[in-house]
Amino acid sequence: MSEARRSGNGGRERLVALLAELGMEQQLLSVTDLSARLGVVQGVLADRVVDLAVTESGRQRLRAELRGRRWAEDRQVGVPEVLGAHEDGRWLVSGRVHGAPSGGPTWTEAAIEAAVRIAPLPAPPGEPWQPPRAPAIGRARATVEDTGRLVRGGIRLGELRAVRAAARELPLSEVTHGDLRAANVVLDESRGGLVVLEWTQVHPGPRHRDLLTLWATTPDADDRGAIADTVLERTAGWEEPDVGLLWHAVALEQLVARLSRPDRGDGLDAAFARARLAEARRIAADLHSPAGR
């Protein structure tokens with residue numbers, strides 16, 4: 001089932017009431033209920049998007065989003081325009097982003113520049129938002145189901161455990177956006193520049209995490225090559241093993257995500273992620289062996 005579902009009348013009525021309170025007379029074009037996973041109901045208007053928190057987790061999410069956008073603007077990274085917000089996280093009104101498809105030299109150059117601007121420490125104050133945990137029984141059932149999907153999808157569980165454990169030990173030497181997939185980095189045709197979406201999970205992370213996430217989710221081979229070249233150019237010889245390990249870990253996690261959450265909305269599938277994992281294994285092996293480069 002998709003993580004988003006069409007909202008019932010309750011969500012629409014609450015959004016209509018909020019718009020009336022804010023003096024917005026535009027018609028709602030669509031309403032989507034994201035309360036189960038994100039804690040918000042989202043309404044789309046002609047030129048803006050309205051997120052209304054309907055759970056405490058949703059309120060925390062909107063606060064983290066607002067905090068992340070303000071931090072990113074200070075670093076001259078393009079973000080959705082904030083047209084209005086309740087400082088307590090009850091609602092957020094954003095300018096609507098009209099994104100062109102990701103890819104091409106202009107997009108790649110701008111995406112790399114955004115990742116580089118995000119990277120320097122310190123991270124913004126406050127904790128990144130995390131989705132609410134399911135009850136213990138539900139978590140156990142989901143773990144069993146996900147494990148089955150991963151095994152059927154070709155994940156080697158021993159490799160996954162070992163790489164995850166090693167990656168957790170890497171130094172947190174940069175800031176990571178938290179989900180800098182290509183789908184979250186768009187050229188906004190109306191603004192004429194790059195806009196990065198989803199700012200709820202900004203936190204310290206290992207070096208090149210965002211660039212490697214971009215690499216693992218960018219469809220075009222030439223674009224991926226440019227991103228990979230940037231990573232290697234910005235990597236000192238002494239840190240190559242760590243970067244190789246993270247390259248492997250990021251590609252693994254992207255395949256896990258495709259198998260456990262296939263509805264990520266970016267048109268990429270498990271076969272694409274498997275190909276990136278095979279490539280990442282080779283790159284990691286080369287970076288662990290200087291003679292291989």
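Me: What order do the 3 strands of the open sheet come in, and is the pairing parallel or antiparallel?
Reply: The order is 7-9-10, and the pairing is antiparallel. Strands here are DSSP runs of E with at least two residues, helices are runs of H or I with at least four, and both are numbered from the N terminus. Two strands pair if DSSP finds at least two bridges between them. Before we go on: this is a predicted model, where local features need pLDDT of at least 70 and side-chain atom pairs count only at pLDDT 80 or more, while totals for chains, interfaces and linings use all residues. Residues are numbered from 1 along each chain as its sequence is written, and side-chain values use heavy atoms, leaving out hydrogens and water.

Me: Which are the edge strands?
Reply: Strand 7 (99-100) and strand 10, each of which pairs on one side only. Strand 7 pairs with strand 9 over 2 bridges, and strand 9 (residues 185-188) is joined to strand 10 (residues 193-196) by 4.

Me: What stands opposite D188?
Reply: G193 in strand 10, and also G99.

Me: And which residue takes a positive phi in the hairpin of strand 9 and strand 10?
Reply: That's G192, with phi near 70°; the hairpin has 4 residues between the strands.

Me: Switching to helices. Which residues are buried in helix 5?
Reply: E159, L160, V163 and A167. Buried means under 20% relative accessible area, exposed over 50%, and partly exposed in between (1.4 Å probe, protein chains only). Those four cover an arc of only 100° around the axis, so they sit on the same side of helix 5; the arc is taken from the directions from the helix axis to the C-beta atoms.

Me: What's on the face turned away from that buried side?
Reply: The exposed residues R161 and R168.

Me: OK, rings. How many aromatic pairs are there?
Reply: The count is 1: W215 and W247, edge-to-face, 5.6 Å centre to centre with 80° between the planes. Rings of Phe, Tyr and Trp (its six-membered ring) pair if their centres lie within 6.5 Å; planes under 30 degrees apart are stacked, over 60 edge-to-face, the rest tilted.

Me: Why does that pair tie together parts 32 residues apart in sequence?
Reply: Because W215 lies in helix 6 (residues 209-217) and W247 in helix 8 (residues 240-260). W215 is buried at 2% relative accessibility, and W247 is buried at 0%.

Me: Last one: which ring does the charged end of R276 sit over?
Reply: The ring of F272, 4.7 Å from its centre. The rule is NZ of Lys or CZ of Arg within 6 Å of the ring centre and within 35 degrees of the ring normal.
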